[in-house]
Amino acid sequence: MTQTSLPFLPFTRPEIDEETIQGVVDVLRSGWITTGPQNQQFEAELSAYFGGRPVRSFNSGTATMEIGLRIAGVGAGDEVITTPMTWVSTSNVILEVGATPVFVDIDPATRNMDLDQLEKAITPRTKALMPVYLSGLPLDMDRLYDIARAHQLRVIEDAAQAFGSTWRGKRIGSFGDIVSFSFHANKNVTTTEGGALVLNNEEEAVIAQKYRLQGITRTGLDGMDCDLLGGKYNLTDVAARVGLGQLRQVERFTEKRRQLARAYFEGFANGAAVKQGVQLPVRNFTDSNWHMFQIALPLERLGVTRAEFMAQLKERGIGTGVHYPALHLFTLYRARGFAEGMFPHAEKYGASTVTLPLFTLMSHDDVARVVRAVDEICEQHGQY
Ligand SMILES: *Cc1c(COP(=O)(O)O)cnc(C)c1O
């Protein structure tokens, strides 16, 4: 049964309140629209949020990772261990700095990098680790940093999806080595586009600032030098003002997402989808910020492809996404020798995952509607 009368439910949608919109208008009228006072305040509030660690804003969560790698001294000849189950930018930046990405398979339950495999992948050329917290679910952070310390490796955390997540009560970003966040429109906290890098000390912050804007250092009223090859990665004040408005709501955003995730688990319990073998994410209501809610389809038992499954949800007015295809199977990576069979858990999950709608403006009725639709499709196409 199709429910075309209901409004279309996208898989995500940002929530920007009126106070923020007015604040952006004020910035636009202020005469200072690029990096300036709003950025200073944004960085200060982020730093306070992360327990006083130095923070620098950037214009994307890709720039932050690339600069994080450069600050850690990662370059040609170095290996960086990461996961193939991430947005492709995680490994693209490793290539961008001239280093070699080394992938390890995921744990099929958490869908995050398997730390046993990670230990086995360390070689004398390994310089850094780039863990990813898919959908905001952290790794075992104690074990991750034990491994890093034992092998003297730098860690550049791709925490793009983990703003508001915690590990044993500590905020992701408030501890560890270099931590990178994205404020892309779909992330839990957005600046429309943007990112932030949490650093270890002021020296690193100064280097980050140079990389962010052409390697320039200004002194006095008229002094200028360039002593490092930087780029153009600064965040505008318009964007920073959006971030300031978002930051004030982060606790509410996270709480709402957790409630919606709970509603999904309750809705799916013992329904047709779960009986057919649809796999739900790990139930975690303490650490994860529930950036996304991804199911994995039992394609061998369902009489439909993933594309057909997504199309049937779309017919019912429900948007979905795929996060992510296993990235080592992209052409760029196949050309570097990666192929099917190398990371079977990531490949299976990447071929069968569907991201269901989860965003703060959703209601519990919306969740019930999605659950009903997924159960219906599984009922129709499942083979017991
Ligand atoms: C969003 C995202 C990025 C990149 O962030 P941008 O701001 O889009 O450059 C990197 N890694 C992961 C896991 C992401 O989700």
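**Pocket linings and ligand**

I began with helix 3, which gives the most residues to the lining of the second largest pocket, three in number. I note that this is a predicted model. Helix 3 and helix 4 are the elements that give two or more residues to that lining. I then listed the lining of the second largest pocket: 24 residues, with Trp87, Ser182, His184, Lys187 and Tyr324 nearest its centre. I sorted them by class and got eight nonpolar, 13 polar and three charged residues. I read a volume of about 380 Å³ for the second largest pocket.

For the shell around the ligand, I looked up which elements give two or more residues, and they are helix 3 (61-71) and helix 4 (89-96). Helix 3 gives the most to this shell, with three residues.

**Ligand shell**

I counted 17 residues around the ligand, and Gly61, Thr62, Asp158, Ser182 and Lys187 come nearest. By class, I have five nonpolar, ten polar and two charged residues in the shell.

Next I checked atom pairs between ligand and side chains. For Thr62, a side-chain N or O atom is 2.5 Å from an oxygen atom of the ligand. For Lys187, I read 3.2 Å between an N or O atom of the side chain and an oxygen atom of the ligand. How much of the ligand does the protein bury? Taken alone, the ligand exposes 380 Å², and the protein buries 94% of that.

I cross-checked two residues. Ser182 and Lys187 are among the residues that come nearest the ligand. Ser182 and Lys187 are also among those nearest the centre of the second largest pocket.

**Largest pocket**

I moved on to the largest pocket, which holds about 470 Å³ of space. I found 16 lining residues, of which Thr35, Gln209, Arg212, Leu213 and Ile216 lie nearest the centre. Helix 2 (37-49), helix 7 (202-212) and strand 10 (216-219) are the elements that give two or more residues to this lining. Which of the elements gives the most to the lining of the largest pocket? I read helix 7, with four residues. By class, I noted four nonpolar, seven polar and five charged residues in this lining.

**Cavities**

I counted two cavities of 30 Å³ or more. The largest cavity has about 120 Å³ of space. Its lining includes Ala109, Thr110, Arg111, Leu134, Trp290 and Met292. Pro281, Val282 and Gln294 are also among the lining residues of the largest cavity. I classed this lining as seven nonpolar, four polar and one charged.

**Backbone notes**

I also looked up the backbone. Is the peptide bond from His323 to Tyr324 cis or trans? I found it cis, with omega near 10 degrees. Tyr324 sits in the loop between helix 11 (306-315) and helix 12 (331-334). I had already listed Tyr324 among the residues nearest the centre of the second largest pocket.

My last entry is Gln152. Its phi is near 50 degrees, a positive value in a residue other than glycine. I placed Gln152 in the loop between helix 6 (141-150) and strand 5 (154-158).

How values were computed
Residues are numbered from 1 along each chain as its sequence is written. This is a predicted model: local features need pLDDT of at least 70, side-chain atom pairs count only at pLDDT 80 or more; totals for chains, interfaces and linings use all residues. Side-chain values use heavy atoms; hydrogens and water are left out. A residue is near a molecule or strand if one of its heavy atoms lies within 4 Å of it. A polar contact is a pair of N or O atoms within 3.5 Å; within protein, one must be able to donate a hydrogen and the other to accept it, and residues adjacent in sequence count only if both atoms are side-chain atoms. Accessible areas come from the Shrake-Rupley method with a 1.4 Å probe; for residues, only the protein chains shown count as cover. Ala, Val, Leu, Ile, Met, Phe, Trp, Tyr, Cys and Pro count as nonpolar, Asp, Glu, Lys and Arg as charged, and the others, Gly among them, as polar. On a 1 Å grid over the protein atoms alone, a cavity is a set of points where a 1.4 Å probe fits but cannot get out, and a pocket is an open set with protein on both sides within 12 Å along at least five of seven lines; lining residues have an atom within 4 Å of a point. Grid points are joined across faces, edges and corners, and a volume is the space filled by probe spheres set on the points.
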